[in-house]
Amino acid sequence: MIDNLEALGRALPRMLEGLWMTLQLTAGGALLAFAVAIGLGLLVRFDSILVRGAARIIIELFRGTSLLVQLFFIFFVLPLPPMNIQLDPIWAGIIALGLNYGAYGAEVVRGSINAVPSGQWEATTALSMSRAQRMRRVIFPQAWALMIPSLNNLLIQLLKGTAVVYLITIFDLTAALDKLRMDTDVFFAYSLGLLMYFAVAYALTLMMNALEARAKHNLGQRKPLKEAITSAPVPDAKGAGQFG
Amino acid sequence: MNDQESLWNWDHAWAVLPDLLWSFLTVTLVVTVIGSAIAAVLGLIIAVVRQVAPRPVAGIVTLVMNLIRMTPLVVQLLFVYYAFTSVEPLTLGILVVGIHYATYMAEVYRAGIDAVPRGQWEATTALSMSPGRTWTAVIIPQALRSTIPALGNYVISMFKDTPFLMVITVTELVRTAQLYGGRNYRYLEAILLAGLIYLVASYLSSLLVARLEKRLAFTS
């Protein structure tokens, strides 16, 4: 145990470097995924069959293939002729994560918008709001509160998904653990690693719970922030149905 | 061979396709099928234990469950791979994937168990059934029905997670594509075909799940 701790002490800077990379990938991937989810989630509700169809195809392409296929496509296929698109590994990772989880998120966005009670839609018509106004001021704020729990599940999935990027030469937490295990007990290194991922996932869940409490508060569905945070956060794995 | 110019080369596509299909059948599908079976059984056990076991035991099971489900599958695979070096990687991979997904499926079962009407529990008391019989003859059969579509979706998502097994040297579909790409410095066909196989397989199975969902919803 003492040996393990000494080795950990020596490896600490590298561990933190790996953790920082994992956090960056999670944040970058989540931001891109969020933009993709909102974009595709709105497009897939368009009246025009062309727009709707294109959005649907993109969503199903990214949901129907494995994250690793997408990552390898961006990292191995794009740099070769005739495409010659050479991306920095970190960007390749962020783009793959963002597109993959964004496609899942689009279904969450679509489902939540559809779940806003029809009376609200009718009210916007009665008030003769424009389409944009309707979405921005009435529908989306309500859909937003509905979608946060599922988005949280996806966020945790994304964090877990970042662990594969070490395959494309990125030095993330998983890569740091691989180094650590050589100097320490395997059990020590990986137990520590799992706990670190768990801590990050837990922190993200608390954050999302606070966000949900705020969204509900803004809608007048009051729930004290403190209560929202302390009610144990246990995300429901891939709660967002796969092909819903 | 001057193939660097063209976007798509059929020679490469035909050369890699048999290997891809072979690894799909012998590794990807095998992992998915056995892994799903483990996950479905273990998940049910976890769900029932959490309901019937004394508080401290149920608490520990829940804690371990959350630890597994909120941490990356890849790290769990590497952990087990380096910890049990004497076991074959494929076997380890199947076990880890099965256990990982059991923790997801346990939640599905829990929801199914919660959805069994109270009257059913009361009826078993009225008939003075033993706890064992209550579970096996009344509660579980009813709980299972509503869970099947959700379980099916997890099977599809497990199928899409099987490429992670490449981190413990298992040569499944995507790894086969990557290896071919590396050998020939020509990734396009191999990776795209791997993606296509995934797309077709997961699309077909999602249709199947949707049909099951419809059928079960109608008669219940």
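Predicted model: local features only at pLDDT ≥ 70, side-chain atom pairs only at ≥ 80, totals over all residues.
**View 1. Chain A is built from helices.** Welcome to the structure: chain A holds nine helices and zero strands. Read from the N terminus, its elements run α-α-α-α-α-α-α-α-α. Taken along the principal axes, the C-alpha atoms of chain A fill a box of roughly 70 × 55 × 25 Å. Of the 244 residues in chain A, 43% count as buried. Among contacts in chain A with a separation of 6 or more, 77% join residues 24 or more positions apart.

**View 2. Chain A meets chain B.** Here the two chains touch, with 36 residues from chain A and 38 residues from chain B taking part. On the chain A side, at least two residues each come from α2 (49-64), α3 (67-77), α6 (131-161), α7 (173-183) and α8 (186-218). The largest share of that side, eight residues, belongs to α8(A). By kind, the residues on the side of chain A that touches chain B are 24 nonpolar, seven polar and five charged.

**View 3. Helix α8 of chain A pairs with helix α3 of chain B.** Look for α8(A) beside α3(B), residues 73-83 of chain B; their axes come within 10 Å and cross at roughly 170°. The two helices are therefore roughly antiparallel to each other. From α8(A), the contact uses A:V186, A:F187, A:Y190, A:G193, A:L194 and A:Y197. From α3(B), the partners are B:V75, B:L78, B:F79, B:Y82 and B:A83. Sorted by kind, the residues of this contact are ten nonpolar, one polar and no charged.

**View 4. Helix α8 of chain A from end to end.** Which residues of α8(A) are buried? They are A:A189, A:Y190, A:G193, A:Y197, A:V200, A:A201, A:L204, A:T205, A:N209, A:E212 and A:A213. After the helix comes A:G220, with a positive phi near 85°.

**View 5. A:L219 sits in a loop of chain A.** You will find A:L219 in the loop between α8 and α9 (225-230) of chain A. Is A:L219 buried or exposed? A:L219 has 12 other C-beta atoms within 10 Å, so this residue is exposed. Leaving aside neighbours within four places in sequence, A:L219 is in contact with A:P141, A:Q142 and A:A145. For a sense of scale, A:L219 and A:N84 are 135 residues apart along the chain, and their C-alpha atoms are separated by 49 Å.

**View 6. Helix α5 of chain A lies largely in the open.** The helix shown is α5(A), residues 118-126; the number buried among its nine residues is zero, so the helix lies largely in the open. A:S128 follows α5(A) and has a positive phi near 40°.

**View 7. Two loop residues have positive phi values.** In chain A, stop at A:T169, in the loop between α6 and α7. Its phi is near 70°, a positive value in a residue other than glycine. A:T169 counts as exposed, because 12 C-beta neighbours lie inside 10 Å. In chain B, turn to B:Y185, in the loop between α7 (173-184) and α8 (188-219). B:Y185 is not a glycine either, yet has a positive phi of about 50°. With 9 other C-beta atoms within 10 Å, B:Y185 is exposed.

**View 8. B:A194 belongs to the largest nonpolar core.** This core has 123 residues. Which residues have the most contacts inside it? They are B:M105, B:A177, B:I191 and B:A194. Apart from neighbours within four places in sequence, B:A194 is in contact with A:V69 of chain A and with B:L20, B:L173, B:V174 and B:A177 of chain B.

**View 9. B:A53 links two helices of chain B.** The last stop is B:A53, in the loop between α1 (10-52) and α2 (55-69) of chain B. With 13 C-beta neighbours inside 10 Å, B:A53 counts as partly exposed. Not counting residues up to four places away in sequence, B:A53 touches B:A58 and B:V61. B:A53 and B:I140 are 87 residues apart in sequence and 16 Å apart in space, C-alpha to C-alpha.

Definitions and conventions:
Residues numbered from 1 in each chain as written. Chains lettered and ligands numbered in written order. Contact = placed C-beta atoms within 7 Å. Helix = DSSP H or I, 4+ residues; strand = E, 2+ residues; numbered from the N terminus. Nonpolar A, V, L, I, M, F, W, Y, C, P; charged D, E, K, R; others polar. Axes fitted to C-alpha atoms, helices over the stretch in contact; angles between N-to-C directions. Parallel < 35°, antiparallel > 145°, perpendicular 65-115°, else oblique. Buried ≥ 20, exposed ≤ 12 C-beta atoms within 10 Å, placed from the backbone. Core = buried A, V, L, I, M, F, W, Y, C linked by C-beta atoms within 7 Å.
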